[in-house]
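Visitor: I have the files open and would like to go through them piece by piece. Can we start with the strands?

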Amino acid sequence: MSSDSQASEGEVYSLNMGPQHPSMHGVLRLLLDLRGEEVIRAKPVIGYSHRAHEKMAENRNTLQFLPNTSRVDYLSGMIYNLGYCQAIEKLLGIDVPERAIYIRVIVNELNRIASHLLWFGTFLLDLGGITPFLYSFDDREEILDILDQVTGSRLTYCYGRFGGVTWDVDETFLTRATAFLARIRERLHMYKQLVTDNVILRERCTGVGVVSEALAKSYGVTGPSLRASGVAYDVRKAEPYGGYDRFDFEVPVLHEGDTMARFHIRIREIEESCKIIEQAIEAIPEGEILPKKMPKRFKLPEGEYYFAVESARGHFGMYIVGDGSDIPVKLKLRTPSFSNLSAMPETLAGTMLADTIAIVGSIDVVMPEIDR
Amino acid sequence: MPQTLTQLLDGSVLAMPIAAGLIMGMLTVNVLMLVWAERKVSAWIQMRMGPTEVGPFGLLQTLADMLKLISKQLITPSNVDKPLYHLAPLLAFAPVVAAVALFPFSESTILVQNDYGLLFVFAFGGIAVIAIFMAGWGSNNKYALLGAIRSVAQNISYEVPLILSALSVVLVVNAMGPTLSSGDGVVAINGLDLSHIVMTQDQQGIWFVVLQPIAAIIYFISALAETNRAPFDIPEAESELVAGFHTEYSGMRFSLFFFAEYTNMLIVSMLAVVLFFGGWDGPVLPGPAWFFLKSYAVIFVMMWVRWTFPRLRFDQLMTFCWKVLIPLSILNLLATAFVIAVL
Amino acid sequence: MSDGLQALADLTSASEEMDYGKTGLHQRHTASLENVLKVGKTFLDEGYILEMLTCQDLREKEEVMRLCYTFNSLDAVDRHLVHVDIAGGLASEQFEAPTMSNLTGGANWQEREVFEMYGVTFTGHNELERLLLPEDADFFPLRKDFGRIEDADE
């Protein structure tokens, strides 16, 4: 507490938060300069779970890279896995059978809800509310069970195949998914009464950590965090992929840009995802889940390609450079949390220490996705 | 029949050891039960089972935990301020034990009879702040220091509405008459004597929670803050400060803090029962049974609150105290004094 | 192309329309090192965001290190890929480009990532340090001559 350097800087002292800290999600490390409880400067230190996915992509063929994708973001692994499949399909001009499109949409949105539920629980845990965490995990468990039934895994799915999906879904899956929708809607009503309307939560969140529209755009913030800042940008609407243009859903937008707005956006996104799943279950056709004719090797045509999907945290982009072989020359993964977190130093400066936790929690960072 | 245990043991050299042993035994059982209850209540609120394996309903789980903590090696981090670091757990622990001795569990079950029991309870409560700050400062850890600073600011602030709300009750007690009939006959009424507060409620046939509802609410909120319970558990806010002032403590030293925390819960609940809920007053069951039943009911509400609400921010906590609770409690005190003067 | 982007014609060479349905890109431009900031400013002034910044190691074939910027509009998708070539063969170690981090905050971390993965120094960047790799890393793993991962294991 009494080193010379700290004494010379007067009242400012630095606090190292993480990578081992109860509320730093994963292995985020924040170097904070504090004056009392006020944060003067915040510097995120990342890279503790860097696994060189981009290097691995240049080392193996397109099919071998498929299991990697869901490890990039383990909370919305399905979206990443299927997103990668969709990118490769677009490059190679593979047509996906109708049934596979609907299955993909259902599992994607279930995965999105699971991711948002996990965020809901951990965010409230950051604010000191322990009980909602267990309720949302109970709900999430149901999704994991449903997805486990069809994919065989609970977190790092490798369900997608170029051209479709691995296994067909059965009636039980659809019944369970429908039952889950009824359950989550009931739960959302309870969450609203118990959590969203709680005066302490509102006091903690309203006006805290405002990310203005200009700031969000400057840092390339996407996903719910961007939509809470007043920009109606959702890749599912902006560049419809995987049949999302067939479904009727809204992109919730709020203009406050504060922690409370980000909270509301995610809750409303769960409702929108429910709507999509409902429509997909209703309209799912019978048929094949993989195309009849498939190339033996997935050779990437020469050229540059960019393909984006909306993950639970925002715009996940893949920039692929092919040279005619089945190993990409370059595969860049543009992950949303990376950009979202990069806006934090500017947002956190001037807030209270307790707000720092709330704000970092509210942008929903997943460290493996940032470190890749 | 001797009126108090002190009188029973008066003159015996064994008086002090026996009294201390009784308190320690009672408190240990109480803490073990409270921790078990906290885990069961939180499990019930969170759709879990809680402890089930050790003993019936997992009742012995906390005993096992305690044995584990006792048998752990005492680790002293290398850069701590050793005297402060070692003394702090003891200083946190001793006053809460002493404070319990002052409570009248029934008209005849008082370990230490003191005419100014209420003052002593608050005085002992004040010592805990020093212990917390010693722990935070002595640990030489930034999280611990931040937790200690928050804790001192919070505890000192919330003591003001706590005492003011208790003072309203004292005014009412004193206004109830110049004398009071007790087991010894008629004695002069003394609002600072814990048993007199209860006896007054008993004889008037009315609990002070009815006469002083605002004071009761203020007392309960301040008591939550005094014991660092959620939503006021800011000094040990896990998500920010890891474990606050006891971040660096482990083993038995940690358990002493833990022990003090849970005993503190019991003390504020017992004081709430004495001040507002008629103490040992109740039909059929013996006095101590009612006293503890009521205390545990208050504790249950504290647990319920803890597992339901998120945590406040530190500045909101202080604002709430100084701008809402303290003016309100002063107004309540003035209104009480005014009504008493007019009547 | 919207009117505000007309200035790009003077700043870039070899602009070409791309097949969006196939490649996900609307246009591809090539800009020189001197013009890259002006190109960036043109896009940002039009409300485009810097969506992605990465690099390609083409030292072996074309004797360049190629920075790849994509700019996109959040209102209506319009994705532009901008190539900026930094000359230098396998032998050259020093690659420099001007930083865009003063124009848009998003460039800050992405440039740091390119710096540590490819060894491109962004002049004017105020905290150009290692982002994902350890602070003392002295290699540039995404350069092609770093080798395959299997080789590195041996």
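**Strands, a helix and a contact**

Guide: Gln56(C) has Arg66(C), in β4(C), as its bridge partner. This is a predicted model, where local features need pLDDT of at least 70, side-chain atom pairs count only at pLDDT 80 or more, and totals for chains, interfaces and linings use all residues. Residues are numbered from 1 along each chain as its sequence is written, and chains are lettered from A and ligands numbered from 1 in the order in which they are written.

Visitor: How many bridges join β3 of chain C to β4(C)?

Guide: Ten, between β3 (residues 48–58) and β4(C), and the two run antiparallel. Strands here are DSSP runs of E with at least two residues, helices are runs of H or I with at least four, and both are numbered from the N terminus. Two strands pair if DSSP finds at least two bridges between them.

Visitor: And what about β4(C) and β5 of chain C, how many bridges there?

Guide: Eight, again antiparallel, with β5 covering residues 80–87. Thr70(C) stands opposite Leu81(C) of β5(C). A hairpin of six residues leads from β4(C) to β5(C).

Visitor: How many residues of β4(C) are buried?

Guide: Eight of the ten in β4(C), residues 64–73, so the strand is mostly covered. Buried means 20 or more other C-beta atoms within 10 Å of the residue's own, exposed means 12 or fewer, and partly exposed is in between, with C-beta atoms placed from the backbone. Over chain C, buried residues make up 44% of the 154 residues.

Visitor: What else is in chain C?

Guide: Six helices and seven strands. Along the sequence the pattern is α-β-α-β-α-β-α-β-β-β-α-β-α. The C-alpha trace of chain C spans about 55 × 30 × 25 Å along its principal axes.

Visitor: Switching to chain A. What is the reach of helix α5?

Guide: From first C-alpha to last, α5(A) (residues 98–126, 29 residues) reaches 42 Å, close to the 42 Å expected at 1.5 Å a residue. The expected span is 1.5 Å times one less than the number of residues. Of the 29 residues in α5(A), 26 are buried. Gly128(A) follows α5(A), with a positive phi near 95°.

Visitor: How many residues does each chain give to the contact of chains A and B?

Guide: Chain B gives 25 and chain A gives 26, where contact means C-beta atoms, placed from the backbone, within 7 Å. On the chain B side, α6 (142–175), α10 (238–241) and α13 (314–342) each supply at least two residues.

Definitions and conventions
Two residues are in contact if their C-beta atoms, placed from the backbone, lie within 7 Å.
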